[in-house]
Structure formats: structure tokens, C-alpha cells
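Hello,

Here is the structure we talked about handing over. Please open it alongside this note. My findings follow below.

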There are 4 protein chains.
Amino acid sequence: MTAAPPLIEAPTDAKPPRTQSRDSRRAQVIEATIQSLADRGFSRTTVTDVAARAGISHGLVLFHFQSKENLLAETLDFIAEEYRINWQTALAAAGDTPEAQILALIKADFAPAICTPARLSAWCAFWGENQSRPLYQARCGANDALYNNTMVDICAAMNALHGYTHDPERTARLIRIMIEGLWLDLMTLEQPYSVAEAYETVMTGTRALFPRHFGAGETIA
Amino acid sequence: MTAAPPLIEAPTDAKPPRTQSRDSRRAQVIEATIQSLADRGFSRTTVTDVAARAGISHGLVLFHFQSKENLLAETLDFIAEEYRINWQTALAAAGDTPEAQILALIKADFAPAICTPARLSAWCAFWGENQSRPLYQARCGANDALYNNTMVDICAAMNALHGYTHDPERTARLIRIMIEGLWLDLMTLEQPYSVAEAYETVMTGTRALFPRHFGAGETIA
Amino acid sequence: MTAAPPLIEAPTDAKPPRTQSRDSRRAQVIEATIQSLADRGFSRTTVTDVAARAGISHGLVLFHFQSKENLLAETLDFIAEEYRINWQTALAAAGDTPEAQILALIKADFAPAICTPARLSAWCAFWGENQSRPLYQARCGANDALYNNTMVDICAAMNALHGYTHDPERTARLIRIMIEGLWLDLMTLEQPYSVAEAYETVMTGTRALFPRHFGAGETIA
Amino acid sequence: MTAAPPLIEAPTDAKPPRTQSRDSRRAQVIEATIQSLADRGFSRTTVTDVAARAGISHGLVLFHFQSKENLLAETLDFIAEEYRINWQTALAAAGDTPEAQILALIKADFAPAICTPARLSAWCAFWGENQSRPLYQARCGANDALYNNTMVDICAAMNALHGYTHDPERTARLIRIMIEGLWLDLMTLEQPYSVAEAYETVMTGTRALFPRHFGAGETIA
DNA sequence: GATGAATGAGCCTTCATTCAT
DNA sequence: GATGAATGAAGGCTCATTCAT
């Protein structure tokens, strides 16, 4: 599996030029928004705080994003797209066997670029706000459905190829919600276990579902 | 299994007496807070909205709860306690075998009094707000640890009694995060599946972990 | 003619009670809004300025009026109603002859309670803002039409009773726009003439329209 | 009477050359300001909106006019000068008799180039803003005084030549404020009468003042 | 207990103005 | 000349909190 390259550069200590290109400024602000959502949650994420994290004035944030609502929507778009590219890249790099594909998808969700406290918290901030649910559906519904359908197809291929007799829908859902549940744990627990342990836990569950595959030799690297 | 009785009465159409007992007023306000968290999310839940739902003035809400922060803390206490009583009651009513206890605990989490859109949304509202994480830990950390330890003990008993060789920590965690992941699904999906299907999904996963138990005959009733 | 009594009490030096009745507060704020419109114009009238003039916090202004837009609408309602009561009271107190009625209506428009710098400027602030035109029509259109129709009827009565052969529409319009034009002068000129001179000017114009009436003996007193 | 030629060209669909002469750019921006004042009113007229109407960037608007305040002042200068040229041209083209001069002045004020919704609204925007009153006096006071003195002189000539015995000040004022009052009507009314009807109304009033002149044969052409 | 007037901190947003390119 | 990124003052509005009644 090839990890997706980081989509935006990390902020450097070098003094940025006073005026930046439109795209670079927007990426910088979106990253600051993710950090703010993670640190302060949805309700305390303010334009002023985002601007301060990006080292610019609040006016400039709105100059680039028009409104706070739009900023949040574009931030959600960004992490959704980042997530989609991550798993699709991992899937493309995996072999043709369904077991390799499942493994690739699981590993992708715990990859360092994705399974970051900030990223997880940002997701959770959107999940936790009922008001953002229509926004979430509009921006992520299709992606989530695509992920799910992909996983269902792979589980069906496991049945066809290896003689399992699972309900593909339910099996795919189990894999997905195990990952999500572990993500939630990583955020919620005061002293969470490691990402590696989370990965091992999903693998344990997956191995239970497909006992003749996913031998214990695989680790997250 | 005996379902835990509802801890607070549902709001009736009958106008409440102008002067209610302290406890009844407080319960009424807490229920209104849960509804507001579910309907409007953490960031849009206001004292005024809670008061309107409870049919009283905002002044009275703060008279009873001192501050909004305290109101939210007590609301969290309430649902945490409600949740604790629910699973402990279910566990007490279950038989002595670990498989019966696991089944009771799972069923309890999908019981109608607990697995309500409002309840789930309220939980999620707290999870999504990083600012409330210390609060959450302070109020729910002990409960969550107790639940987890209980589940670990039961899983260890499954090993001892029935010859399974699982890591009890990891197995207990799997059962717990499957439930949480399904809860998240129920809230996040635009058109979620039924609670019964969610229950069946956990049971499928549990059955995979303990293949010689949890036969398909059990339904959520 | 009996001058309409002032509809709201002038602010006194006596320290007002910390909390006032709803109506008295609202009247106080509306008067402050009129003053602000007169002093600063539409574009510089802010909620904060109105609040400062009323000696209260901006929050309280919005507590009573919900929004700035609504405050302006209610202020317009207020002066429109004040104006309507003023001329209708004057008309009711006038005799039955159309010449007495015309005289009463003209005098009413230059009465001290109406023809105030603040009142005139407030009207002009609404006229000058295209954005407020729909608001103006919605709130004042009916009143203005009523005034105009009344004047048309009186002019028709002048024809019928005294043998004039004017177009009643045009004559009524002339009387009305002479008054409005003089109001505009009183506001626009750096060193305007007196209200009495404005009144005499309208009377001169009216006398020209009805040469056998409105002898020079009438003054505004 | 010869109508004053339009002082600035109407905007054409043809894209203007990227670099225009200084004067042409300034005229273009001033015309855009008039339109913005008319469409959006004083309080909603922004540099950005003016720039958009002129098809240039807001930076360029301020490059040419230094500040918004100065832009508004120059716009006022422009319409004041346009107005002055309009009536002075009309007056110069009129005959030597005072009755011809009065007629020419009245007609000039309802000429198509002057009595435009945009022009009227722009005037009204300035009148309605008390803050702009010093500006108005500084820029238009002399013009207005000149107009008034001219009209007073003409009314005095009417007396001398034709045996009327009016107060020239008051008569001149009546003619002027009738025109202004009708302008106000044209802007304020939801469904105003035509400009021609407004002109006829002034003529009716003028005829009443000078019964032996201004026979009904004259129309606005 | 209970209400609702009152305050003020803090939010989102607009917009005139500056200035690097 | 010309653009548009960038700033920051100021405005409308929300809402937790206080407090007189």
C-alpha cells in the first residue's frame, strides 16, 4: 500500500509572504479550521480562532470563504476528499484478492495521515452537531455510500471465492462500524490505547468473521 | 430481562401545576435539555430554548441549575446514570452464565428506553465537543470503566467456562465498539436501518467471536 | 383645532427606574430612534446609538424590538400614526365647510408637534433610502392614500359649493406637494425661514388656487 | 428650448478599452455611483458595488477618487453641475420675457436628462442623510441660491412687466417647492403619475399664481 | 419560586482603506 | 494604471447571566 501523500504542506516557521496565492491561503485556512474543530469542538470554533491559528485576520478568512458556514462546508469537503483519496489509493495499490483489499482498506483507515487526533476530532465535530447533519449528508453521503458499496462487493467476493456464507451487507457494516467505533474510542478515552492496538483490534474482529484468513502475521507496519 | 422503568415521566399535555416539587422540575428541565441537544445540537442549545421546551422561563432554569455549564453537566450525569442503571439492571436480571450476561448487556444497549434518537444524539453531542471532554471524563469515565471491566470479566469467564482463548480486553472492546459504531450509524445515516437490524448486526459479530454460542434464534423481542 | 396631545412623554431628568414597563420602554426607544434618524440620517443610525440616546444597552433595544429592521418599521409606524391622528383630529375639529377643512389640514401639518426638525428629518430619512421604500409603502401607503383621497374630496366640495372648476385630483396634489416641498426646504436649507413663513407660503399658494377664499387674515397662531 | 446634451456617455455593451482616459473613467464611475445611490440608497452604496457597476475593481475607484466620501462629494458636484447647466442653458435659450423664462425653467426641471428616476433618487439620497447636509451646503448651496435668486428676479419682472403684486420671494419659492414636491412624489409613490402629469401640475399651480399667463396650450412636448 | 427586564461579552459579517504585485 | 489580497473598525445579533419585582 502506498500512503497518500499529504495534501497540504504543514505550516512552517518561515515567515510566509504577506500575500499568498489563493489556493495556498485556502489550504492554510482549512487546516486551521480542522485544528480548531479538534481543539475546541464545533460550538467553540470561531472565525476569529481559525484566523488566529492561520496567522491572518478574520477578515481574510471570510474574504476567501464568504461565510463561516461555507468555511465549514469546504473543510468537510476537504477531509472527505482526503479520506476518499486515501482509501481509493490504498485499494488500487492492493492486490486483486478480496482479502488483500479488506486488509488494505482497514490499514488505510489507520494510516498516519488519516488517523490523526485532529482529523478524528474534526469528523466527530460534524457528527455531533445535528445542525450539520444535512450538510454532512450533502457533502459526504455519496462518498460514504461508495465506501460501503465497495466493502459490500468485497465481502461478496470473499463469499464467492472462499466459500464463506455471510450476509455481505452485514459483514461489510461490521467492518466499517468496528473502525468507526475504535475511532470514537481513540477520541473519547482519556488514556486511549495506541493506533496500532486499535488496528489489531479490528483485525481480531475481521479474523473472527473470516477465520481462514487474516492470519496474525499482519501488522500495521 | 426486565426493562428499566422510565426514570422520568414523559411530558403530558396537562399543564403542570404552577409550583412543582424541586426534583420534578429538575427532571423536566433535564429532559428538555436532552431534546434540545438532539434537535439543535450542542452549539445551538440555549438556556432559553431549554426553558421553552420545559414550559418555564429561562430565569427559572438557571435558578435550578445555576449555570448553563452545570445544566449540561447534570444532563450528562443523568443520561450516564440512566445508562448505568439500565445495563446493571439488565445484568442483574440475566442468568449466571457469561453468554447470558453478554446477551443481556447487548440487548440493554438497544432497549427502547436507551436507544432513542434523542438519547443517542445527546451522547453524540457530548462526544463531538472537545471542550466537554474533561467534563465527560469526570462524569462518565468511572461508569465507562466499570462497564468495560464488567465486560472484560465476562469475556474472561467465557474463556474459562467455554474454552475460548481470546484476549479478554480486546474481545470486550470489540463488543463495546461494535455497539458504539452502530449507534453512530443510527444517528449519522440519512436513512438508517432499524434498531433491530443494528442489534442483529452486533449479534452477528458476537457470534463470530464466540462461534459456539449466540445461536441465531435470539432476537431483540 | 385641538392639537393632538403628545403621544409619549418627553424624557425627564429624573433617573428612570431600572426596569420600566414594556410600553414605556418601547416608546422611549422609538423616540430615540427618531432623534437618531434626524441627527445622523438613515445610514448612520445604529442600534448602539439609539440605545445610547435612550440611556440603555443595545441588548435591551433588540430585546424589545427583535431586530434593527423591525425597530425602524415600528418607528415609521409610530410617526405615521402620529401624523394620521394629528390631521384627522384637526379635520374632525374643523367646521363643515371645505375651506375650513383645507385650512385645518394645512395648519395641522405645521403644528408644533408635527413640524419638528426631528420629525421632518425622520420622514426624509425614510424617503431617501430606496431600500426602505417597500417598507414605507407597506406601512404608510394606506395612510397617504387616505390623506390624499380626503383632500380630493374636499377640493371637489370646493368646486360644488363655491363654483370653482378645478381638477380636484390636481388641486389636492398641489396642496399636498406644496406642503411636502416646504418641509423639504425646512430641512435642506442651511438657514431656513420660519415655520410660520412656510405656512404663509402654502396659504399664498392655496389662495391663488381659490382666490375667493383664504383671505390673508388667517395666521398659524 | 434646447435640451442640455448628456454630459457623459451612456454605458455601452462594448467592453471599454483597458486603459481609458482619466476623465472618461471618472465619469463612468460617477454614473455608476448615481445608479447605486438610486438602486440601493445611500446606506447600501458601497465602493465595491460602484466598482462592479463600472466594471472595474474597487481599488481603481479609490485610486481615482481617494475615498468614498470624496467620491460621493464629486458625484454630488456632478449632478449639481449637470443641473445648473441644464437650467442655465434652458434659460439662455428662452426669450426675454419673464413668463417665457419661468416656463423654460419649469420645463428644464422635467427634461428627460434631469427628471430621471436615478437622478431624482440620487438627490433624495443626499437630502435624506443629515450627515451629508454640510457637504450638500458646501457643494450645492451656491447653486441653489443662484437658482432661487434668478427665480426671484424673474418673479419681480413679472410684477413690473405685467402688473402682478406678488411677493417675489414667496412666489419664487412656491414655484421651486412645487417642483421639489412633485419630484418627491415621483420617487415616493408606489405607482406615480407620469412626468408629463407632474409638469402639468406645476403649470396648473403657476397659472393660478399668474392667471393672465401660462395658458393651457403649453405642454411639455 | 417565578418572571422577564436588563446587561455586556462575544460572535459573524460588511466594508472602507491600504498596499504588494 | 489596475488588481485583489489583507487589515481592522464597526455594526447587527445572540445569549448566558444578573436582578428587581
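**Helix H4 of chain C**

The buried residues of H4(C) are covered by, among others, helix H1 (22-40), helix H3 (58-65), helix H5 (98-109), helix H6 (117-128) and helix H7 (133-162) of chain C. Please keep in mind that this is a predicted model.

Which residues of H4(C) are buried? They are C:Leu71, C:Leu72, C:Thr75, C:Leu76, C:Phe78, C:Ile79, C:Tyr83, C:Asn86, C:Trp87 and C:Ala90. An α-helix has 3.6 residues a turn, so residues three or four places apart point the same way. The length of the helix agrees with expectation: helix H4 (residues 68-93) of chain C has 26 residues, which at 1.5 Å a residue should span 38 Å, and its end C-alpha atoms are 37 Å apart.

**Chain A in outline**

Chain A has 9 helices and 0 strands. From the N terminus, its elements read α-α-α-α-α-α-α-α-α. The chain has 221 residues, and 40% of them count as buried. Take the contacts in chain A with a separation of 6 or more: 60% of these join residues 24 or more positions apart.

**Chains A and B**

Two copies of a chain are related by a rotation about an axis and a shift along it. For chain B on chain A, the turn is 179° and the shift along the axis is 0.1 Å, with an RMSD of 0.2 Å. That is the relation of a two-fold axis. Both copies use the same surface, since 100% of the contact residues of chain B recur in chain A.

The contact itself involves 34 residues of chain B and 34 residues of chain A. On the side of chain B that touches chain A, at least two residues each come from helix H1 (22-40), helix H6 (117-128), helix H7 (133-162), H8 and helix H9 (195-209) of chain B. H8(B) gives the largest share, 11 residues. By class, this side of chain B has 12 nonpolar, 13 polar and 9 charged residues.

One residue of H8(B) to look at is B:Glu169, in helix H8 (residues 168-188) of chain B. B:Asn148 is 21 residues away from B:Glu169 along the chain, yet their C-alpha atoms are separated by 8.6 Å.

**Chains C and D**

Chain D superposes on chain C by a rotation of 180° with 0.1 Å of shift along its axis, at RMSD 0.2 Å. The copies meet through the same surface, because 100% of the interface residues of chain D are also interface residues in chain C.

Chain D puts 34 residues into the contact, and chain C puts in 34 residues. On the side of chain D that touches chain C, helix H1 (22-40), helix H6 (117-128), helix H7 (133-162), helix H8 (168-188) and helix H9 (195-209) of chain D supply at least two residues each. The largest share, 11 residues, belongs to H8(D). The classes on this side of chain D are 12 nonpolar, 13 polar and 9 charged residues.

**Nonpolar cores**

In soluble globular proteins, nonpolar side chains tend to be buried together. The largest nonpolar core here has 121 residues. Which of its members touch the most others? They are C:Leu105, C:Met178, C:Leu182, C:Val202, D:Met178, D:Leu182 and D:Val202. Beyond its neighbours within four places in sequence, D:Met178 is in contact with C:Leu174, C:Ile177, C:Met178, C:Gly181, D:Val202 and D:Gly205. A second, separate core has 120 residues, including A:Tyr83, A:Ala111, A:Leu186 and B:Tyr147.

**The DNA strands**

The surface near DNA strand E has 11 nonpolar, 19 polar and 12 charged residues.

C:Ser57 sits in the loop between helix H2 (47-54) and H3 of chain C. It counts as partly exposed, because it has 13 C-beta neighbours inside 10 Å. C:Gln35 is 22 residues from C:Ser57 along the chain, and their C-alpha atoms are separated by 17 Å.

DNA strand F is surrounded by 42 residues, of which A:Ser57, A:Gly59, C:Thr46, C:Lys68 and D:Gly59 are the closest. By class, the surface near DNA strand F has 11 nonpolar, 19 polar and 12 charged residues.

Best wishes

Technical notes
Residues numbered from 1 in each chain as written. Chains lettered and ligands numbered in written order. Predicted model: local features only at pLDDT ≥ 70, side-chain atom pairs only at ≥ 80, totals over all residues. Helix = DSSP H or I, 4+ residues; strand = E, 2+ residues; numbered from the N terminus. Expected span 1.5 Å × (residues − 1). Buried ≥ 20, exposed ≤ 12 C-beta atoms within 10 Å, placed from the backbone. Contact = placed C-beta atoms within 7 Å. Least-squares fit on C-alpha atoms with pLDDT ≥ 70 in both. Nonpolar A, V, L, I, M, F, W, Y, C, P; charged D, E, K, R; others polar. Near = placed C-beta within 6 Å. Core = buried A, V, L, I, M, F, W, Y, C linked by C-beta atoms within 7 Å.
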